[in-house]
Amino acid sequence: NFSFTPYVMSENLSFLLVLSAIHFFYRTFKYKDYLSNILTGLFLGLSYLTKVVNILLVPIVLIVSAITLYSEPQRKKEFTKKALVLLVFFLVSLPVLLSNSSKFESVSAIFLGHYDDEISRVTTISLAGNYEEESSRVTTISTLTFIYWFFAYFGYVLIGSGAILLIYFIKFLRNENSQIKWILLFTGLFLLGVASYHASVSGLVKYFFHGRAIGRYISPLITLSALFGGIELFRNRIKATSKQKIILISLVSLFAIFIIPLNITDLFPANNIALAYWGAFGRLISQNIILTSFFSILLATVFISIINLKSKTVWASLFLFFILTSLISFSMTIYNAQIQWKDSEYRKVGLWFNDKEGDILIIDKETRETITNKKLRIIHTIFWLKNDVYFEGDPSKFDYVLTKEELDLPLLKQFNDLRIYSENKRINED
């Protein structure tokens, strides 16, 4: 997506590494050389080091290798090469695994880190789940919730890829007989499954569609749909009849409607760059279900209406769509930076302390919770705050006192309601 660049996130590098791992894994079957196997293991390891969830590529490698080697005449030789992939992956990942082994006891936690908690704490599978559980302590996974999220994320990819590209991607998988078909198929299923599971055990446990949409978890699938769907678009253009168009519009509308409940938690950057325009529209109409449903059907109709046009015309239309939606998400990013970051008093405090030395005492509850609570504004301050911070003690014993209260101490600086005091004569003289 064109708008991902404003954010420094692990996905920026992860996308490239995952695509490289998939590319070289396919080369292992096409060229059957040792170099491709070594490079596959290398990029698998680098993908894992960049983002832990990328470890899902390992079972994909194992499954596709097992399917292919079953009918391979030189099975023993090719098995040795695939073992080389796992060996290189293990060697590249070794630094993180050694570090995790000193923090965690279980083997799964050593490989998965803190993600292991999401798996280990779920002990029960039920049809509807337990809606009385707190979001951070879900022990029962609802099959209804998982199924909903699977279809919702599929709809997310469908709309995020402009519908046509995912349709062509599915056509590519149907027509392709090489190993790339299995690689892409299992990659897609694993991405959808992992993202759906994560949503099913997190978020607000109020409805069967509880959870929080994190589209960046499945954004690689949008990239793969655009890449291989685009290849199929140039190779074998679809010529849909009026009846087929109506069926496609109905299906796209149905999956688009699955996205509507996601707007309860807002489809905004940085987690949902691809559908930020949808989130903006939902906020504009106060998340009106009728208007959003109409918007879903209208969007599906626009997408499918161009499916019979020439390849270049389809690409030009999709490119225009991506440019417009990316401009919307980019504008939302700028707006968020201005309101939530630039004008934030907590950011100003963090910047002010950036070149200061000395310890800080935070003495009132409101300021302490605002700065230290991850759900509020911790990032606004700690990006620059490098001082030692304390929450208890005699104010006269500290270099700085940060509070919203009025104290009988020399006032050093004030940012809106935030006050910085200091009894340190050296600091006051400076």
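Author: The structure holds three cavities of 30 Å³ or more. A cavity here is a set of points, on a 1 Å grid over the protein atoms alone, where a 1.4 Å probe fits but cannot get out. Grid points are joined across faces, edges and corners, and a volume is the space filled by probe spheres set on the points. Rolling a probe the size of a water molecule over the atoms shows where empty space is left.

This is a predicted model: local features need pLDDT of at least 70, side-chain atom pairs count only at pLDDT 80 or more, and totals for chains, interfaces and linings use all residues. Residues are numbered from 1 along each chain as its sequence is written, and side-chain values use heavy atoms, with hydrogens and water left out.

The largest cavity has a volume of about 180 Å³. It is lined by 16 residues, and Val53, Asn54, Leu191, Tyr217 and Pro220 are the closest to its centre. Lining residues have an atom within 4 Å of a point. Helix 1 (10-30) and helix 9 (179-200) each give at least two residues to this lining. Helices (H or I, at least four residues) and strands (E, at least two) are DSSP runs, numbered from the N terminus. The lining has ten nonpolar, three polar and three charged residues. Nonpolar covers Ala, Val, Leu, Ile, Met, Phe, Trp, Tyr, Cys and Pro; charged covers Asp, Glu, Lys and Arg; the others, Gly among them, are polar.

Now Ser47. It sits in helix 2 (residues 34-50). Ser47 is buried, with a relative accessible area of 0%. Buried means under 20% relative accessible area (1.4 Å probe, protein chains only). A polar atom of the Ser47 side chain lies 3.3 Å from the backbone oxygen of Leu17.

Next, the packing. The largest nonpolar core has 79 residues; Tyr153, Tyr156, Ile159, Leu184, Leu275, Tyr277 and Trp278 touch the most other members. Another core, of eleven residues, lies apart from it and includes Phe353, Ile360, Ile362 and Ile420. A nonpolar core is a set of buried Ala, Val, Leu, Ile, Met, Phe, Trp, Tyr and Cys residues joined through side-chain atoms within 4.5 Å.

Ile420 belongs to strand 7 (residues 418-421), where Leu418 and Ile420 point one way, Arg419 and Tyr421 the other, and all are buried. Strand 7 runs antiparallel to strand 5 (residues 400-403), joined by three bridges. Two strands pair if DSSP finds at least two bridges between them. Leu402 stands opposite Ile420.

Note on methods. 1 Å grid on protein atoms, 1.4 Å probe; cavity = no way out; pocket = protein on both sides within 12 Å on 5 of 7 lines; lining within 4 Å. Buried < 20%, exposed > 50% of the residue type's maximum accessible area, 1.4 Å probe, protein only. Polar contact = N/O pair within 3.5 Å; in protein donor to acceptor, adjacent residues only side chain to side chain.
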